[in-house]
Amino acid sequence: MHRAVTALLGPTNTGKTHLAIALGVEATKQKRRVLFTRAADLVRQLIEARDARELTRLLLVDELSLGLAPIVVEQLLPVLRQVADDTGIGVLLVEQHVALALEIADRAYLLQRGQVAWTGSAAELADRPDLL
């Protein structure tokens, strides 16, 4: 049961979190269950969840790498991908470390100065160093 992992990418202060919140609000208006979380809370929730379906249908993860050791981030990213693949939960990852996010994302939206500057598959963006 594969579900897309979408990444909102760009440097600090480009509006990624604001866009993620707006998307989450819109999803809840459509009666979808949404979980907006930071990395430490995500780890706890994934560990405590008896059944991944108890979590939600859309998981918004804000700056997964913020404040975490690189080795921890490297271990968490595959978990997000596996959650999406195994449970059908969609993941919207807000991240300033583009290369990390592209490793697990299906789609990417690159933000610059609060505007979407580029959109496409994560693989396409990874092949476009001129945009990064």
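Biologist: Why is aspartate 106 called partly exposed?

Modeller: The relative accessibility of aspartate 106 is 26%. Buried means under 20% relative accessible area, exposed over 50%, and partly exposed in between (1.4 Å probe, protein chains only). Aspartate 106 therefore counts as partly exposed.

Biologist: On what basis are such values computed?

Modeller: This is a predicted model, in which local features need pLDDT of at least 70 and side-chain atom pairs count only at pLDDT 80 or more, while totals for chains, interfaces and linings use all residues. Residues are numbered from 1 along each chain as its sequence is written, and side-chain values use heavy atoms, with hydrogens and water left out.

Biologist: What makes the contact between aspartate 85 and arginine 81 a salt bridge?

Modeller: A salt bridge requires a side-chain nitrogen of Lys or Arg within 4 Å of a carboxyl oxygen of Asp or Glu. The N to O distance for aspartate 85 and arginine 81 is 2.9 Å, so the pair qualifies. Both residues belong to helix α3 (residues 70-87), where they are 4 residues apart, about one turn of the helix; helices (H or I, at least four residues) and strands (E, at least two) are DSSP runs, numbered from the N terminus.

Biologist: Is arginine 81 buried or exposed?

Modeller: Arginine 81 has a relative accessible area of 14% and is therefore buried. Aspartate 85, at 25%, is partly exposed.

Biologist: Which other residue meets arginine 81 in a salt bridge?

Modeller: Aspartate 106 does, at 3.0 Å from N to O. This pair links distant parts of the chain, with arginine 81 in helix α3 and aspartate 106 in the loop between α4 (98-102) and β5, 25 residues apart.

Biologist: Why is the largest nonpolar core called a core, and which residues have the most contacts inside it?

Modeller: A nonpolar core is a set of buried Ala, Val, Leu, Ile, Met, Phe, Trp, Tyr and Cys residues joined through side-chain atoms within 4.5 Å. The largest such set has 25 residues, and Leu9, Leu64, Leu80, Leu93, Leu102 and Leu125 have the most contacts inside it. β1, β3, α3, β4, α4, β5 and α5 (122-126) each supply at least two residues of this core, and α3 gives the most, with 6. Another core of 6 residues lies apart from it, with Ala20, Leu60, Leu92 and Leu111 among them.

Biologist: Which residues lie nearest the centre of the largest pocket?

Modeller: Thr6, Leu23, Arg32, Leu58 and Leu92 do, out of 17 lining residues. α1 gives the most, with 4 residues.

How values were computed. 1 Å grid on protein atoms, 1.4 Å probe; cavity = no way out; pocket = protein on both sides within 12 Å on 5 of 7 lines; lining within 4 Å.
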